[in-house]
Amino acid sequence: MGRYLLKRFGMMLLTLFVILTLGFLVIRLMPGSPFDDPNYSAEMTRMLEEKHHLHEPILVQYYYFLKDIVTGGYWGVSLNLEPMTPVWTVIGRRIPVTLTVNFLSLLIALPLGILAGTWAALYRNKWPDHVISLLTVLFISVPSFVMASLLQYFLGYQAGLFPLIYDATGTEAVRLTSLVMPVLALSFHPIAMICRHLRGELADNMRAEYMITAQAKGLSLRQAVFRHAFRNSLIPVMNIIVPLFTNILAGSLVIERIFGIPGVGGLMTRSINAKDHWLTITVLFFYAMIHLVTVLITDISYGLIDPRIRLGGGRDD
Amino acid sequence: MIKRFWHNKAAAAAFFVLAFLILMAVFAPSFTPYSYREQVKNADGEILSNMPPKIPALRFLGIAQGTAVLEDRQTAFLDDPARYPEGCILEVRNRRVTERGTEYCDVLVDYYKYMKAEEGTAFWFGTDQLGRDIWTRLWRGTRVSLVIALFAVAIDMVIGVSWGAVCGYYGGKTDLIGMRVCEVIHAIPNVILCTMFILLLGRGIGTMILALAVRNWVETARLARAQFLRYKEREFVVSARAMGVRDRRLIFRHILPNAMGPLIISATLAVPGAIFMESFLSFIGLGIPAPEPSVGTMLSDAQSMLQTYPHQVLLPAVVIALLMIAFHLLSNGLRDAFDPKEEDSEE
């Protein structure tokens, strides 16, 4: 286990390094300079570029970039959006709201998905199952940003229930109500995914022999499902939750823009458009890191949740 | 198998919805008097922006008549033909007098007359902020999105299947190296890879297609490899090889046709994935460049005007949703038709 962990961790660092390098090259090879402001004189642009080493050959720049990170943990400063603020400060300020939105969606999705999945499995091939399957297909297919538009129009604009965009200046209560629609928009997909997985697992488990045994010794179907099949089905479902979180995180890139939430998501677009190089690289790195960490956690959790699964063996799919 | 597919009502319905959308995407843009990029102007040279929908054929239903309500207008100016061209006022509502004694009202106008649009002008879905016909743009956008998705999936299939076939068929060192490459590419998150790809090559339809295919082929390769591993030791392959059939022929003529089922299903599932990703990238500002529309760019451009012109947001939203649902149902139907054991809902 220890060796396997070490190997996976090493692979993860290597991948992150590859992403960092690729990101740096791509962003530095883009035409244009972050200081292409018509208000700046040519002299000023040149001075600014020299200050940030932008006039040097790209390999030298890359050397400085890596050296700063390795020796001082210094990732550079934001150039345009929030001039001279260290990039991690810019990002760090926005992480809480992004995490709030994402965790809330997962928190809503878990019980609802489990409830719907169990219900569908209990009434398999009867009308509740059909209705839930239909909704599942609907929620899985319709992208979160389309859901966001529909919610914004019907709940926010027509019914006037919730504020259309996030109000960062409002009181705690106002901010919470303005999070309702973004959280909802992000929840539909995970709800449907959890529901579909759980229904499938439960359906398989309900045909297992131990269910017949349980019913033979006098448990009702419902009791047997909740005492036996349910527990066994939850194990595989737990494994999709961590990847679902990455999905929600990616979704919130767009959702944050739609609802004007000042999170990390909106930062990516804005920094790309403003040619805020170091910020773009760091945001890309941030997302890649979260993605890789969640993949690692998922793989490890397979073994932790169900010790029958041996880690490190041929993981061919 | 085909019979089983049609037996599945949802899949059949999805097929027809999809057929309708594709037909519209192919033909509708050619049969409108407006172009997708031209800004329509009135006789005075003013751009007809944000016109409401007007569909003359639906007159009797009372919807989409090209009317709009102008709020808080001073009643005193209602007779001024310079502000309100003749015959454009349909109804004056909600007359009220403010404390200063000025009378205000809301006016229901025929917006086409109000904007002095030429006689006979009718934008079925209205125009966007830049005065371009939304009906034309919507279907052209659907076409562009579909083309991008289909090409991306086609590239993904060609590379993925050949890669997976070679890895699976030859095995050994080839397999090891091939799969390692896949692992490395797979480790980079999709959004990040697409973003970097588009930043590097610049925004455009071609870049978009490549960006969507650049990581997805890995999944296809894995699936194809698994399929080849399954079939390569089967009797019919071994006997063909014993008869001296060459590797290439074995791969393409003997194994591939048998291995195709799951690959086709995965391809139909990859299409909505590509449509989703294209819209998603439009939202982060990496979509295809203007003036070419795609449903994704139309949705993301109109997003900020939801309150004033909801139809501009809802129309592309509905088209995206329909496309995604239809492709998903279609691939579910295909999966069940290929392999009826998978789903237990068969009575």
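Trainee: Before we start, how are things numbered and lettered here?
Mentor: Residues count from 1 along each chain as its sequence is written, and chains are lettered from A, with ligands numbered from 1, in the order in which they are written. This is a predicted model, where local features need pLDDT of at least 70 and side-chain atom pairs count only at pLDDT 80 or more, while totals for chains, interfaces and linings use all residues.

Trainee: Thanks! How many helices and strands does chain A have?
Mentor: Chain A has 11 helices and 0 strands. Those are DSSP runs numbered from the N terminus, H or I of at least four residues for helices and E of at least two for strands.

Trainee: And what does its C-alpha trace span?
Mentor: About 85 × 55 × 30 Å along the principal axes of chain A.

Trainee: What share of chain A is buried?
Mentor: 35% of its 317 residues. Buried means 20 or more other C-beta atoms within 10 Å of the residue's own, exposed means 12 or fewer, and partly exposed is in between, with C-beta atoms placed from the backbone.

Trainee: Which domains are assigned in chain A?
Mentor: Domain 1 (1-91 + 276-317) and domain 2 (95-262); such bounds come from an automatic or database domain assignment. Their centres, taken over C-alpha atoms, are separated by 32 Å.

Trainee: How many residues does each domain bring to the contact?
Mentor: Domain 1 of chain A brings 10 residues and domain 2 of chain A brings 9. Contact here means C-beta atoms, placed from the backbone, within 7 Å. On the domain 1 side, the largest share, 8 residues, comes from helix α11 (residues 277-305) of chain A.

Trainee: Let's zoom in on Val101(A). Why does it count as buried?
Mentor: Val101(A) counts as buried because it has 26 C-beta neighbours inside 10 Å. You'll find Val101(A) in helix α4 (residues 87-122) of chain A. Beyond four places in sequence, its contacts include Leu179(A), Ser252(A) and Gly263(A).

Trainee: Switching topic: how many residues does each chain give to the contact between A and B?
Mentor: Chain B gives 33 residues and chain A gives 39. On the chain B side, α11(B) gives the most, with 10 residues. That side divides into 24 nonpolar, 7 polar and 2 charged residues. Here Ala, Val, Leu, Ile, Met, Phe, Trp, Tyr, Cys and Pro count as nonpolar, Asp, Glu, Lys and Arg as charged, and the others, Gly among them, as polar.

Trainee: What about α2 of chain B, which residues are buried there?
Mentor: Ala11(B), Ala14(B) and Ala25(B). Seen down the axis of α2(B), the buried residues fall within an arc of 55°, so they line one face of the helix; the arc is that of the directions from the helix axis to the C-beta atoms. On the other side, the exposed residues include Lys9(B), Phe16(B) and Phe27(B). Part of the cover over the buried residues comes from α1 (2-7), α4 (134-170) and α11 of chain B.

Trainee: Last one: which residues have the most contacts inside the largest nonpolar core?
Mentor: Ala274(B) and Ile320(B), in a core of 159 residues. Such a core is a set of buried Ala, Val, Leu, Ile, Met, Phe, Trp, Tyr and Cys residues joined through C-beta atoms within 7 Å. Among the residues that Ala274(B) touches, leaving out those up to four places away in sequence, are Ile148(B), Val153(B) and Leu212(B).

Key. Two residues are in contact if their C-beta atoms, placed from the backbone, lie within 7 Å.
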